[in-house]
Amino acid sequence: IEGAWRADGKGLSIWDTFSHTPLKVGNDDTGDIACDSYHKIDEDLAILKQLKVNHYRFSLSWSRILPKGTTRYVNDVGLNYYIKFIDGLLAANIKPQFYGGWFAYPIFKNGDYNEVMKARVREKSLAQGLPKSRLPEFTESEKQRIKGTYDYMGFNHYTTVLAFNVNFGNAIPMYDADR
């Protein structure tokens, strides 16, 4: 939703390169402008307040923060965009959510899963008849060992496809109809 695909020193992402390759995306659409959230922070925050949103999930564009793909150069302008956005969310009593961080929390924060995750998994485990949470509990020693153990962390998501059952019958001779 950010848009601003090359603004303020942003590097190229996999999506930028893919979507700028002719015939790869329908109508040759790109995310160059998208919803232009990068340039509309104040407008977006006002809309979220008006909607009385109390949580907001969004993604970080690592190519905006680390445009060369390494930590040797951090794009301060790109980083400050997220700082301003997160500060704006917090000032409006809107809790930012990072689901990638959900799983990385032990490594980057305190060596343990966050309390919300522990409570949800415990509740679901008990509801399914398990005697305790299926989420492992770390000892204090393990927490100290886990915290800060990252050298590199990458997330990939290439495409999402909505799948549903279609009955082709015998009318259309094709592989999908044969299955």
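Buried means under 20% relative accessible area and exposed over 50%, with partly exposed in between. The legends below apply these classes to a predicted model.

**Figure 1. The nonpolar surface patch of V74, L79 and I83.** L79 is a residue of helix 4. Its relative accessibility is 31%, so L79 counts as partly exposed. Together with V74 and I83, L79 makes up a nonpolar patch on the surface, and the accessible area of the three residues is about 200 Å².

**Figure 2. Overview of the chain, with eight helices and two strands.** Read from the N terminus, the order of elements is α-α-β-α-α-β-α-α-α-α. The chain has 179 residues, of which 27% count as buried. When contacts between residues at least 6 apart in sequence are considered, 59% of them join residues at least 24 apart.

**Figure 3. Helix 4, residues 76-91, and its buried side.** Helix 4 has 16 residues, which at 1.5 Å a residue should span 22 Å; the C-alpha atoms at its ends are 22 Å apart, in agreement with this. The buried residues of helix 4 are G78, Y81, Y82, F85, G88 and L89. These residues lie on the same side of helix 4, because the arc they cover around the axis is only 125 degrees. An α-helix has 3.6 residues a turn, so residues three or four places apart point the same way. D76 and A91, on the other side of helix 4, are exposed. The packing partners of the buried residues are helix 2 (41-50), strand 1 (55-57), helix 3 (62-65) and strand 2 (95-97). After helix 4 comes N93, which has a positive phi, near 60 degrees.

**Figure 4. The salt bridge between E2 and R64.** This pair is one of six salt bridges found in a search of the whole structure. The closest N and O atoms of E2 and R64 are 2.7 Å apart. E2 and R64 are both buried.

**Figure 5. The salt bridge between D112 and K118.** A distance of 2.9 Å separates the closest N and O atoms of this pair. D112 is buried, and so is K118.

**Figure 6. Helix 7, residues 140-146, with the salt bridge between K143 and E140.** The closest N and O atoms of K143 and E140 are 3.1 Å apart. Both residues lie in helix 7, three residues apart, which is about one turn of the helix. K143 has a relative accessibility of 15% and therefore counts as buried. E140, in contrast, has a relative accessible area of 54% and is exposed. Through salt bridges that share partners, E140 and K143 are joined with D112, E115 and K118 into one network.

**Figure 7. E142 of helix 7 and G111.** E142 has a relative accessibility of 35%, so E142 counts as partly exposed. Along the chain, E142 and G111 are 31 residues apart, and their C-alpha atoms are separated by 7.5 Å.

Notes. Residues are numbered from 1 along each chain as its sequence is written. This is a predicted model: local features need pLDDT of at least 70, side-chain atom pairs count only at pLDDT 80 or more; totals for chains, interfaces and linings use all residues. Side-chain values use heavy atoms; hydrogens and water are left out. Helices (H or I, at least four residues) and strands (E, at least two) are DSSP runs, numbered from the N terminus. The expected span of a helix is 1.5 Å times one less than its number of residues. Buried means under 20% relative accessible area, exposed over 50%, partly exposed in between (1.4 Å probe, protein chains only). The arc is that of the directions from the helix axis to the C-beta atoms. Contact means heavy atoms within 4.5 Å. A salt bridge is a side-chain nitrogen of Lys or Arg within 4 Å of a carboxyl oxygen of Asp or Glu. Patches are made of residues with over 30% relative accessible area and no salt bridge: like charges are joined within 9 Å, nonpolar side chains (Val, Leu, Ile, Met, Phe, Trp, Tyr) within 5 Å. Accessible areas come from the Shrake-Rupley method with a 1.4 Å probe; for residues, only the protein chains shown count as cover.
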